[in-house]
Amino acid sequence: MYAIKFFALAIMISAVVSLGACSKAESLGTNQAASATQQGSVTNVSNAELQTLLDEKVTLVDIRLPQEWQETGVVAGSHPITLFGRDGAVAPDFLAKLQKVAPLDKPVVLICRTGNRTRAGSEMLTQVGYKQVYNVTKGIMGWIQEGKAVVRQ
């Protein structure tokens with residue numbers, strides 16, 4: 001059931017992302033979160049807050065494309081799992097791969113290049129039952145600009 005719900009929502013969000021998601025990092029509306037049953041919450045986090053979450057061993061998932069991981073590297077300890085393909089479509093195996101590293105009842109952090117894809121992805125995860133999702137608002141580019149370490153893929 002979660003997979004069907006996930007893919008229906010993914011199609012809708014993919015369309016929004018491909019049309020150009022907002023680049024300004026704002027908190028997702030709490031009214032939306034409260035309106036759906038089983039829906040968790042999304043918290044936007046800075047790089048400093050990401051570091052705190054990493055120190056607490058919260059799972060970090062880098063949802064970018066493999067080429068992007070190779071170009072910039074990834075945050076140490078992150079799990080690279082592509083969410084959106086080049087065409088904006090949701091990767092069909094994303095949810096299955098994600099659930100292997102991040103159970104529904106555990107918090108998960110999403111990072112992408114600049115925070116746009118993770119905004120959409122975070123909302124998708126709450127719709128399929130994740131209780132606490134963190135969105136890194138400045139993405140890996142903000143992480144790197146602040147001089148934080150990355151590891152090469």
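**Helix α3 and its surroundings**

Guide: At the start of helix α3, a side-chain oxygen of Ser46 comes to within 3.4 Å of the backbone nitrogen of Ala48. The model is predicted, and every distance and angle below is computed from it.

Helix α3 spans residues 47-55, and its buried residues are Asn47, Leu50, Leu53 and Leu54. Viewed down the axis of α3, these buried residues fall within an arc of 110°, so they line one face of the helix. The spacing follows from helix geometry: an α-helix has 3.6 residues a turn, so residues three or four places apart point the same way. As for what this face meets, the buried residues of α3 pack against the strands β1 (41-45), β2 (59-62), β4 (108-111) and β5 (132-136), and also against helix α7 (139-145).

The other end of α3 has its own feature. Just after the helix, Lys57 takes a positive phi of about 65°. Most residues other than glycine have a negative phi, and Lys57 is not a glycine. Lys57 lies in the loop between α3 and β2. With a relative accessible area of 71%, Lys57 passes the 50% cut-off and therefore counts as exposed.

Read along the sequence, the order is α-α-β-α-β-α-β-α-β-α-β-α. Of the 153 residues in the chain, 47% are buried. Among contacts between residues at least 6 apart in sequence, 70% join residues at least 24 apart.

In soluble globular proteins, nonpolar side chains tend to be buried together. The largest nonpolar core here has 21 residues, of which Phe94, Leu98, Val108, Leu125 and Tyr130 touch the most other members. Helix α5, strand β4 and helix α6 each supply at least two residues of this core. Apart from it lies another core, of 13 residues, and Leu50 is among them, along with Val45, Leu60 and Tyr134. Leu50 is also one of the buried residues of α3.

Strand β4 (108-111), one of the partners of the buried face of α3, includes Val108. Leaving aside residues up to four places away in sequence, Val108 touches Val58, Thr59, Val61, Leu98, Ala102, Leu125, Tyr130, Gln132, Val133 and Tyr134.

Phe94 has a relative accessible area of 1%, so it counts as buried. The C-alpha atoms of Phe94 and Thr82 are separated by 6.7 Å, although the two residues are 12 apart along the chain.

Helix α6 (residues 116-127) contains Thr118, which counts as buried because its relative accessibility is 0%. The side chain of Thr118 reaches the backbone oxygen of Gly115 at 3.1 Å. Beyond residues up to four places away in sequence, Thr118 touches Ile63, Leu110, Ile111, Cys112, Asn135 and Val136.

That leaves helix α4 (residues 66-72), where Thr72 is found. Thr72 counts as buried because its relative accessibility is 11%. The side chains of Thr72 and Arg64 make a polar contact at 2.8 Å. Arg64 is also among the residues that Thr72 touches when those up to four places away are not counted; the others are Ile140, Met141, Ile144, Val150 and Arg152. The C-alpha atoms of Glu71 and Arg152 are 8.3 Å apart, with 81 residues of separation in sequence.

Two notes on rings complete the picture. The structure holds 0 aromatic pairs. Lys148 lies over the face of Trp143, at 5.5 Å from the ring centre.

Technical notes
Residues numbered from 1 in each chain as written. Predicted model: local features only at pLDDT ≥ 70, side-chain atom pairs only at ≥ 80, totals over all residues. Heavy atoms only, no water. Helix = DSSP H or I, 4+ residues; strand = E, 2+ residues; numbered from the N terminus. Buried < 20%, exposed > 50% of the residue type's maximum accessible area, 1.4 Å probe, protein only. Polar contact = N/O pair within 3.5 Å; in protein donor to acceptor, adjacent residues only side chain to side chain. Contact = heavy atoms within 4.5 Å. Arc of directions from axis to C-beta. Phe/Tyr/Trp six-rings, centres within 6.5 Å; stacked < 30°, edge-to-face > 60°. Lys NZ or Arg CZ within 6 Å of the ring centre and 35° of its normal. Core = buried A, V, L, I, M, F, W, Y, C linked by side-chain atoms within 4.5 Å.
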